Structure formats: structure tokens, C-alpha cells
Amino acid sequence: MNVIYKILILKSLLASVLFLSCVRDISIELPRPEQKLVVEAYIESDSFAVVFLTRSSAYFDVVDSLSVFNNIVWGNEATVIVSDGIEYDTLVPHNFDKFPFRGYKGQSIRGDVNGQYELKIVYNENSFSSLTTIPEKVPIDSVWFEAWFPDDSLGVFGLQWYDPPILGNYYSITAKVHGAQESFYRSFIVGHLLDDKLDNGRKIVFFPLFRPYDGNDYFGQERDTSLDIINYLFYKIKDTVSFKLASMDAMSYRFWNSWFRNQVTAGNPFANPSSVLTNIQGENVTGYWAGYASYIHRVYITDSTNIEILLSE
């Protein structure tokens, strides 16, 4: 071994020793953030208002099923009232079949198109409020099923509707596979939100619409991993599927658009950080109060090229 090589090795060893000698454990006590009330609330056309309330957690808190349930606000912990400007509806505690399972539901006021609705929440001697509107319904014009591979029983859907001629329409597209899902969910891959900035007054085509994703980090059902790609992506022949085209106002759209952007950019070092907006007024609160005019189209997949329309309203 030549002398120069030995000197280089020695320098490397000395540098390593110096570096390691400078390393020490540092303990940092992070300040706890103020706890916020998280509001998830909506009212649909022809339906009563639904409100879920939870408490926020610090980033490094332990998250498990017990801590999640303990952060649910329910029962007489809060007073929740919805008003249409004339009548007041005090929501009652209700058990739901979707996460977080415990919430509040209206009893007397059903959503109506062109209606404006105020939400008021009293919790821990604090008051929170928000306004939302339900716009006109926009009907689904047509739905079609398209096999993803030639001569295959698996495929995706496409939807088409006509945007009203007045600028400022906002949409959410969700779906439900009957017999497999209890609620409507967004498509597994593509986004589920649209506005009419580029298609005002024109035909809007939404394709492809993959199978809706109902996974949940804490309460998801056990899945056969060998079938994950099928379960997550594709519809199958003989499936009965409902599609919901929900029209919403601008504030509701801004919330959901910020939420979706936060979802797709979280953990991405090359994307700009995105904060989730809120339309709830008050201190230490976040979330949304949204109104939807929902049009539902239900179909049955008979074969790789044909579907049967079961419901359109």
C-alpha cells in the first residue's frame, strides 16, 4: 500500500472521529398546539342536515382507534342548530354507518334547491357559525361502461352532463357499488371535483371514472391483497352502481378543492404546501358546512358494452 493511500485513509478516519465526537442527542420539547373543533357538516337536497364534530390532535400524538373515538364530540357535548331563515332545527345525536359513526342529524328542515342555510354550533361555551346554499340540480345526461381490456369483464364508467349557461357552477362526482359500499365515495385515482371555468354552458364529459375508494386508515375492512388492483380500480359486469353529481356553491368547492390538493401533495417534496381552507366562523375551529343539490343515476352492468338504467333523479 503506497504512502499517499495510507495518508488518505488516515485523514478519513480522523474526519470520522471528529464528526462522531460532535454528535450528541438533543431533546426538544415541542409546544402543544391549541385544540380545534373540527366540523364536517352538510345538507343535501331533499335530506336532513348531517354534522360530525371531532377534536383535533397534535401531530405527534398517538393515533389509534381509542384516541380517535375519544376525540368525537357527541351527545349533549354540543348544541347544533340549522336554520333556513324561518324555521330552526335542533339536530339530535345519531349513529351513522360511516366514519366517525357518531354525529348529529336534522329532524325538520330538508334541503331545497336555491335555499340558504345557517349552521350554529355551541361547544365549550363557544359559538361557531357558517352559511351555505344549495344551487340548482344539474342532471346527468348519459352514463356508459367501457371495458378496460378487450373482451374483459372489468371496466370503467364515463359520465356526461350539460353545464348551465351562467358561469360559476361547481361539481363533485362520487359513486357507490351496491352490495359492497354503504355510502358514496370519490374515484380511487382521478379527482372528483370540477368547475365550469373552461366549459361554461357546454357539454362536460367525465372519463374515466374508476371504482370508488372506501378505504379507511383505522377501520378499513380486511382485503385480499391479490385482488387489490381489481377492488380498487375497476367495476365488474353484474355490478349495480349509483353515481351522484352534486352541485355546490363556491365556498363549498373551495374547501373541497383545498382538501383534495392537500391530500395529493402531502409528503411530496416537489409540490407547494397546501393548507385546507374553512368556511366556519369562530375561534379554534376548522372544517366545512356545505350544501349539495344531488342528482343520482343508478345502472346495472349487463355485459361489456351494455348497461341498464335503474334510476335517474
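Is Phe157 buried or exposed? Phe157 counts as buried, because its relative accessibility is 0%. Buried means under 20% relative accessible area, exposed over 50%, and partly exposed in between, with a 1.4 Å probe and protein chains only.

The model is predicted: local features need pLDDT of at least 70, side-chain atom pairs count only at pLDDT 80 or more, and totals for chains, interfaces and linings use all residues. Residues are numbered from 1 along each chain as its sequence is written, and side-chain values use heavy atoms, with hydrogens and water left out.

**View 1. The whole chain.** The chain has 4 helices and 18 strands. These are DSSP runs, numbered from the N terminus: helices are H or I with at least four residues, strands are E with at least two. Of the 313 residues in the chain, 39% are buried. The chain exposes about 18,600 Å², and carbon and sulfur atoms supply 53% of that area. Accessible areas come from the Shrake-Rupley method with a 1.4 Å probe; for residues, only the protein chains shown count as cover. Take the contacts (heavy atoms within 4.5 Å) between residues at least 6 apart in sequence: 63% join residues at least 24 apart.

**View 2. The pair Phe157 and Tyr235**. The whole structure holds 17 aromatic pairs. Rings of Phe, Tyr and Trp (its six-membered ring) pair if their centres lie within 6.5 Å; planes under 30 degrees apart count as stacked, over 60 as edge-to-face and the rest as tilted. Phe157 and Tyr235 have ring centres 4.9 Å apart and planes at 85°, so this pair is edge-to-face. Phe157 is in strand S11 (residues 154-162) and Tyr235 in strand S15 (residues 235-236), so the pair ties together parts 78 residues apart in sequence. Tyr235 also counts as buried, at 0% relative accessibility. Phe145, Phe157, Tyr235 and Phe243 form one aromatic cluster.

**View 3. Arginines over rings**. A charge sits over a ring if NZ of Lys or CZ of Arg is within 6 Å of the ring centre and within 35 degrees of the ring normal. The charged end of Arg102 sits over the Trp74 ring, 4.8 Å from its centre. Arg110 lies over the face of Phe48, 4.2 Å from the ring centre.

**View 4. Gln181 in its loop**. Gln181 is in the loop between strand S12 (170-177) and strand S13 (193-195). Gln181 is buried, with a relative accessible area of 7%. A polar atom of its side chain lies 2.9 Å from the backbone nitrogen of Val177. The Gln181 side chain also reaches the backbone oxygen of Pro212, at 3.1 Å. Leaving aside neighbours within four places in sequence, Gln181 is in contact with Ala175, Lys176, Pro212 and Asp214.

Conventions. Polar contact = N/O pair within 3.5 Å; in protein donor to acceptor, adjacent residues only side chain to side chain.
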